[in-house]
Amino acid sequence: MPKRSVTEADVRGKRALVRVDFNVPLRDGEVADDTRIRAALPTIQFLLDRGAAVVLATHLGRPKGKADPAYSVAPVARRLSELLGRPVATVNVVVGAEAERAVNALRPGDVLLLENTRFEPGEETNDPQLATGLARLGDLFVNDAFGAAHRAHASTVGVANLLPAYAGLLLEREETALSRLLDNPERPFVAVLGGAKVSDKLAVLEHLLDHVDALLLGGGMANTVLLAQGHQIGSSLAEPDRLEEARRLIEGVKERGVLMAVPSDVVIAESLESTETNVAPVAEIPVDQAIFDIGPETVARFCQQIAGARTVFWNGPMGVFEREPFANGTLGIARCVAEAGAYTVVGGGDSLAAIEVAGVAERIDHISTGGGASLEYLEGRVLPGIAALAGA
Ligand code: ADP
Ligand code: MG
């Protein structure tokens, strides 16, 4: 059944309970990066403009089911208020009498941010009682938390089954962008995968095999594949217990006629702290050295593929870009993706940071705010938060 969009909802004079993903990094009691808050503004503004009162729910960090001041949403409310240019009320609870009183006091155009949903032990277990408590705080439910859509929690799935439920604008935009990768992408479709979380990403790679024309691998991802191909990679980061999956990937690539490229040259050093770094062919890595970036020849090879693509998906840095001697590969790829004449999508927290460092964020077609959720979507899985919106 198709989802209903918030644009189809009759919201005037109603209280809209909106699940957002305000799981932002905090520093010294303030929001360190407000990207996720800004991403939800269109939906909030849309509802306010149409005469709704907005009740916002989010999780923040991992407070493990009990109230913990370190994870209070108070700093988020302050930042949101600045961005919206209007007051944002807060309560010290997620559900219950106090929350209901605060909601009942709202008038059209008012905004209330509930306390961290993960202060409630029933959030992550999708407890029906918590879902019922949440449902009492709105006349309708809008899910705009794409970044939490892969979790079947009380505030994402439970409550969606109890109220008229709609997809928010951000959630729709994310889904549209990601589905464009899986459903009839313009070809050639090139996926660039790197980063450290190899075990998380192998399933994505396997699923993408059925969709892409080329796979370009860097970072820890490439190291594990190099290992599976029989290369000696010294003390490089890799996941040797994933060799079986890596071999399956290599087989799958062959069977489908997909081009898979791994680094041909790499930047190596004894450790991340070493002042001495070298570029070496991938076949000549000393046992006491580690790969920390892809080399210039590899950047050029990958960029040639990216330049010829019509669709590009990138997740995962090509090296330890946080450190200058090992940033060239990642920043080089960021620039090539930005310059490509293709439809370009970038996902993953660290990949987004790299895009920012490279200063090319405006030239990427879609930057996904949902790391884990976008990867699960690309694994071909149905995200429970999205499924719960269909015909509820
Ligand atoms: P994302 O957040 O974009 O999904 P990951 O979290 O999987 O990406 O991986 C990002 C991390 O991978 C970065 O902190 C980067 O330093 C690290 N990394 C990339 N290549 C290497 C490498 N060759 N060795 C060690 N760490 C690496
Ligand atoms: Mg990361």
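Select Asn 126, which counts as partly exposed because its relative accessibility is 24%. Here buried means under 20% relative accessible area, exposed means over 50%, and partly exposed is anything in between, with a 1.4 Å probe and protein chains only. This is a predicted model, in which local features need pLDDT of at least 70 and side-chain atom pairs count only at pLDDT 80 or more, while totals for chains, interfaces and linings use all residues. Residues are numbered from 1 along each chain as its sequence is written, chains are lettered from A and ligands numbered from 1 in the order in which they are written, and side-chain values use heavy atoms, with hydrogens and water left out.

**The loop between S6 and H4**

Asn 126 belongs to the loop between S6 and H4. Helices (H or I, at least four residues) and strands (E, at least two) are DSSP runs, numbered from the N terminus. Phi of Asn 126 is near 55°, a positive value in a residue other than glycine.

Next, select Glu 123, in the loop between strand S6 (111–113) and helix H4 (128–135). Is Glu 123 buried or exposed? Glu 123 is buried, with a relative accessible area of 0%.

Asn 116 is buried, at a relative accessible area of 0%. Show its side chain together with the backbone of Tyr 71: a polar atom of the Asn 116 side chain lies 3.0 Å from the backbone oxygen of Tyr 71.

**The loop between S4 and H2**

Go to Lys 64, in the loop between strand S4 (53–57) and helix H2 (74–84). Lys 64 is not a glycine, yet its phi is positive, about 60°. Lys 64 is exposed, with a relative accessible area of 69%.

Val 73 is found in the loop between S4 and H2 as well. Val 73 counts as buried, because its relative accessibility is 2%. If you draw a distance from Val 73 to Gly 29, C-alpha to C-alpha, it comes to 10.0 Å, for residues 44 apart in sequence.

**Helix H1**

Select residues 35–49, which form helix H1 with 15 residues. From first C-alpha to last, H1 reaches 22 Å, close to the 21 Å expected at 1.5 Å a residue; the expected span is 1.5 Å times one less than the number of residues.

Where does H1 kink? The kink lies at Leu 41, is about 40°, and comes shortly before the proline Pro 42. The bend at a residue is the angle between axes fitted to the seven residues ending there and the seven starting there.

Now colour the buried residues of H1: Ile 37, Ala 39, Ala 40, Leu 41, Thr 43, Ile 44, Phe 46, Leu 47 and Leu 48. An α-helix has 3.6 residues a turn, so residues three or four places apart point the same way. H1 is followed by Gly 51, whose phi is positive, near 85°.

**Ligand 1**

Select ligand 1 and the residues around it, taking those with a heavy atom within 4 Å. How many residues surround ligand 1? There are 20, and the closest are Ala 196, Lys 201, Glu 322, Asp 350 and Ser 351. Helix H8 (219–228), strand S14 (290–294) and helix H12 (349–358) each supply at least two residues of this shell.

Now look for pairs of N or O atoms within 3.5 Å. A side-chain N or O atom of Lys 201 is 2.7 Å from an oxygen atom of ligand 1. Lys 197 has a backbone N or O atom 3.2 Å from an oxygen atom of ligand 1. At Ile 291, a backbone N or O atom lies 3.1 Å from a nitrogen atom of ligand 1. Taken alone, ligand 1 exposes 580 Å², and the protein buries 88% of that.

Select Pro 188, in the loop between helix H6 (169–182) and strand S9 (189–193). A cis peptide bond joins Arg 187 and Pro 188, with omega about 0°.

Pro 325 sits in the loop between strand S15 (311–315) and helix H11 (328–339). Pro 325 is partly exposed, at 43% relative accessible area.

The last stop is Pro 281, in strand S13 (residues 278–281). Pro 281 is partly exposed, with a relative accessible area of 38%. Zoom out to include Ala 160: the C-alpha atoms of Pro 281 and Ala 160 are 54 Å apart, and the two residues are 121 apart in sequence.

Conventions. Polar contact = N/O pair within 3.5 Å; in protein donor to acceptor, adjacent residues only side chain to side chain. Areas by Shrake-Rupley, 256 points an atom, 1.4 Å probe, with all protein chains shown as cover.
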